[in-house]
Amino acid sequence: MDEDVLTTLKILIIGESGVGKSSLLLRFTDDTFDPELAATIGVDFKVKTISVDGNKAKLAIWDTAGQERFRTLTPSYYRGAQGVILVYDVTRRDTFVKLDNWLNELETYCTRNDIVNMLVGNKIDKENREVDRNEGLKFARKHSMLFIEASAKTCDGVQCAFEELVEKIIQTPGLWEIKVLGDMAG
């Protein structure tokens, strides 16, 4: 079944508790939205194959718990990831302020420096916005991240976020190809 799949990519979704990481993932993989979704405990994991620029990529997407007490396995799930989606809630400034902590964690545990990061401002369907789109854009530029605003509830921007991330990974030589010669020489 998988013979036409170009590559399997490991994608992480990180961010504070309650910003909508699981909702974004569910919207992307199952096209569903559950307003009553419980907090993720540890790590949830979904697989979805998408086609980007004529290339099929199988995504192994790791949805992580935002709550401190569930985050005991951090280093292991960062290992080997090619893409990271960093999520904040546009209606909660505190989740935006804490992005720096998540970036530090990423730098600490990430095993590669060419990893592709995507910043997602979620919950744009809500009225009481506390973080302006330009602030998100500025933060993303400063840290060389892709940026998109989304709503897991209305589906807005969700597909686009994952597609752009995968496109960028595929365009980054050395991030995903199988290095046969390098492996043999090692």
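Two strands are taken to pair if DSSP finds at least two bridges between them, and helices (H or I, at least four residues) and strands (E, at least two) are DSSP runs, numbered from the N terminus. The structure described here is a predicted model, in which local features need pLDDT of at least 70 and side-chain atom pairs count only at pLDDT 80 or more, whereas totals for chains, interfaces and linings use all residues. Residues are numbered from 1 along each chain as its sequence is written, and side-chain values use heavy atoms, with hydrogens and water left out.

In this model, 6 strands form an open sheet of mixed pairing, and their order is β2-β3-β1-β4-β5-β6. The edges are held by β2 (43-52) and β6, each of which pairs on one side only. From one strand to the next, the twist averages 25°, where axes are lines fitted to C-alpha atoms, for helices over the stretch in contact, and angles run from 0 to 180 degrees between N-to-C directions.

The pairing can be followed strand by strand. Strands β2 and β3 run antiparallel and are joined by 10 bridges, with Val43 standing opposite Thr64 in β3. These two strands, β2 and β3, form a hairpin with 2 residues between them, and Asp53 in the turn has a positive phi of about 50°. Strand β1 (residues 5-15) runs parallel to strand β3 (residues 55-64), to which 8 bridges join it; Thr8 stands opposite Lys58 in β3, and Ala60 in β3 is the bridge partner of Lys10. Strands β1 and β4 also run parallel and are joined by 5 bridges, with Gly15 opposite Val87 in β4. Of the 11 residues of β1, 9 are buried, so this strand is largely enclosed by the rest of the structure; here buried means under 20% relative accessible area, exposed over 50%, and partly exposed in between (1.4 Å probe, protein chains only).

Helices lie against this sheet. Helix α6 (residues 158-170) lies across β1, β2, β3, β4, β5 and β6, and runs at about 170° to β5. Helix α5 packs on the sheet as well, touching β4, β5 and β6, and its direction makes about 160° with that of β6; contact is taken to mean heavy atoms within 4.5 Å.

Helix α5 (residues 133-142) has Gly136, Phe139 and Ala140 as buried residues. These residues cover an arc of only 100° around the axis, which puts them on the same side of α5, the arc being that of the directions from the helix axis to the C-beta atoms. An α-helix has 3.6 residues a turn, so residues three or four places apart point the same way. The buried residues of α5 pack against β4 (83-89), α3 (93-97), α4 (99-109), β5 (116-122) and β6 (146-149), whereas the face turned away from the buried side carries the exposed residues Lys138, Arg141 and Lys142. At the N-terminal end, α5 is capped by Asp132, a side-chain oxygen of which lies 3.1 Å from the backbone nitrogen of Asn134. Helix α5 is followed by Ser144, whose phi is positive, near 50°.

Side chains of opposite charge can pair when their charged atoms come close. The structure holds 7 salt bridges, a salt bridge being a side-chain nitrogen of Lys or Arg within 4 Å of a carboxyl oxygen of Asp or Glu. Because Glu135 lies in helix α5 and Arg93 in helix α3, the pair ties together parts that are 42 residues apart in sequence. Glu135 is partly exposed, with a relative accessible area of 26%, and Arg93 is likewise partly exposed, at 31%. A further salt bridge is formed by the side chains of Arg129 and Glu149 (2.9 Å, N to O). This pair links distant parts of the chain, with Arg129 in the loop between β5 and α5 and Glu149 in strand β6, 20 residues apart. Arg129 is partly exposed, with a relative accessible area of 35%, whereas Glu149 is buried, with a relative accessible area of 12%.

Conventions
A polar contact is a pair of N or O atoms within 3.5 Å; within protein, one must be able to donate a hydrogen and the other to accept it, and residues adjacent in sequence count only if both atoms are side-chain atoms.
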